[in-house]
Amino acid sequence: MESNCKVEVSMQTHEVKLMNGNITLLFDKNGFAYSLKFHGQECLDNLTGEPTDPDRNHSFYCDYHTNGKTVNLKPKKIKIIENTANIIHISFIDNTQALGLAYHFILKKSEDKIYSYVKAWNNIAQPFAINELRTVYRLDPNLFKIGFNGERSGFQPSSKEMMAGKKLQDETFLMKNGSLYDNSLVYSKYDYAGYFKDTNVWGQFGDNIGLWILTPDKSFYSCGPLNQDLMLHYDGLVLNYLVSEHFGKGLFTIPSNWSKVYGPWVIYLNNGSVKDAQNQAIQEKKDFPYPWLNEKDMITDLANINGKIDSNISSTYRIILTTSDPSKEPINQQKLGFTYDTCTQIDGSYYFTDIKYGHYWLCAYAIDGADFDTHVLDEIEVNCSQITEKKFDLNSHEKILWQIGQSSHTTAGFKFSDQLRNYCWQNLVPDNLDYVIGESTDWYYLQNDRGRWRIHFDLEHNEQNENIILSFAFAGVTTKNMKNGFNPLVEVTINKKYKFSHEFNNDRSAYRSALKSGNYHLWQISLKDEILQSHNIITIKTTGYIMYDSIKLSERE
């Protein structure tokens with residue numbers, strides 16, 4: 001095989017052929033790949049999918065979802081940006097639909113990888129909403145049998161096998177042989193979701209073949225450190241969700257005159273070794289930003305930022321730099337710009353490296369202790385190589401009377417929160433729970449709608465005053481099932497007499513096998529003097545699912 005890079009575009013059929021000596025990738029006139037050969041091995045034979053999926057025989061495509069419809073990128077122009085013996089760079093451009101898209105592919109000479117990114121823009125000069133934007137790589141399921149999402153590996157069924165089971169909800173089935181593919185008899189495509197911040201490699205592999213997504217820079221995903229999404233599933237699919245409404249993120253309303261570059265990421269092919277793919281991901285991160293990448297909208301000027309947090313109720317904070325609306329929780333800051341995060345050290349100091357120049361808000365939330373708030377610390381302009389240190393005081397004037405769990409915006413520390421994702425866990429928690437402060441130890445990651453949970457606690461007489469606050473930090477609140485259009489209600493009763501209730505937006509997380517987080521909520525209830533007694537009982541009920549972060553009773557000084 002010729003080792004030089006080469007691109008061929010047919011003027012008659014509008015087909016595209018990309019070659020670099022190790023990889024040959026062929027696209028049809030609609031921008032779908034119909035052949036991917038890696039060292040001569042064809043990877044796109046036997047493509048399949050659900051019978052109603054119009055893309056069941058397509059691969060390497062880009063689409064978005066709006067107004068209940070899926071819109072595929074339909075290339076109106078194929079642009080050759082670079083074409084030398086050492087590198088080729090092309091773009092499929094769709095500039096006629098509401099969301100303008102330019103889908104880029106780059107091959108370098110004799111490498112086992114394809115670089116890719118997507119540029120998107122508002123093409124209609126007025127706001128409109130999308131549910132998702134993604135790229136999809138459908139592979140030969142006879143070759144690529146095993147999925148890896150950075151946390152787990154597992155054989156993946158075909159849609160035909162899956163759909164022969166009992167459907168429980170959206171692409172979640174009770175299968176007779178479900179334990180071959182999952183950690184219960186229930187297989188769900190959502191069980192192979194993952195957190196972008198924790199995942200450098202995901203993909204599908206088999207005997208002597210593997211295809212992986214590597215992310216040298218994750219700032220383009222936005223929505224903060226708890227942004228999680230689908231990464232792969234049945235029928236040999238590998239996914240890269242750039243925007244989605246999954247797991248509490250909500251609709252993305254695209255403003256007028258908006259544009260953004262998503263990426264780059266690396267499509268890496270190898271002999272099926274997970275370890276090799278992980279090592280390659282480390283190398284890509286070292287090599288980033290790529291000096292050879294010819295994209296004017298990718299900023300290569302980078303800065304370092306440092307600072308310090310002082311707090312008396314939490315020792316470790318997640319620090320977030322965001323170009324989006326800081327008044328919202330990070331998961332709801334949509335996909336307008338870029339997001340970075342890091343954690344404080346033992347002394348409260350934090351450090352950011354390789355931050356793109358731009359306008360940012362600096363935010364923080366605790367990942368231990370009793371600070372339940374999300375803090376907007378500062379508004380900064382990053383336009384030089386080093387931002388000088390600033391110290392932020394987050395000391396609190398409250399007395400913690402008791403607390404269940406630790407603040408983290410997740411269910412970390414609660415029972416089942418450390419398990420692999422599966423639909424079964426939401427039904428394995430107790431319907432009824434009685435938890436005694438100072439005695440009980442088991443609190444579960446989730447409460448369902450089938451019973452009531454109660455917290456028992458005593459108070460000294462001098463602790464009964466006007467300044468006591470009951471605080472619920474929910475890691476997520478989800479309606480009972482996907483078909484239920486009602487938002488979940490949480491009802492709290494104190495001492496069988498005083499009732500408080502709150503309706504929460506459905507974050508679509510718990511029924512999608514999320515175990516750690518969805519959309520974070522802080523609900524605080526001021527307790528008047530007559531409400532509390534020497535012995536007290538808090539009763540909690542819900543019409544949906546509650547994922548718990550922490551609960552505390554505190555006294556404001």
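Start at Ser273, which caps the N-terminal end of H2: one of its side-chain oxygens sits 3.4 Å from the backbone nitrogen of Lys275. This is a predicted model, where local features need pLDDT of at least 70, side-chain atom pairs count only at pLDDT 80 or more, and totals for chains, interfaces and linings use all residues. Numbering runs from 1 along each chain as its sequence is written, and side-chain values use heavy atoms, with hydrogens and water left out.

Next, select residues 274–287. This is helix H2, with 14 residues. From first C-alpha to last it reaches 20 Å, close to the 20 Å expected at 1.5 Å a residue (1.5 Å times one less than the number of residues). Helices are DSSP runs of H or I, at least four residues; strands are runs of E, at least two.

Now colour Val274, Ala277, Gln280, Ala281 and Glu284. These residues of H2 are buried (under 20% relative accessible area; exposed is over 50%, partly exposed in between; 1.4 Å probe, protein chains only). They cover an arc of only 115° around the axis, so they lie on the same side of H2. The arc is taken from the directions from the helix axis to the C-beta atoms.

Turn to the opposite face. The exposed residues Lys275 and Lys286 are there, away from the buried side of H2.

Then show the cover. Over the buried residues of H2 lie, among others, strands S11 (113–122), S14 (146–148), S20 (201–206), S21 (209–214) and S26 (259–270). Contact means heavy atoms within 4.5 Å.

Finally, zoom out. The protein chain has three helices and 43 strands. Of its 557 residues, 60% count as buried.

Terms used: Polar contact = N/O pair within 3.5 Å; in protein donor to acceptor, adjacent residues only side chain to side chain.
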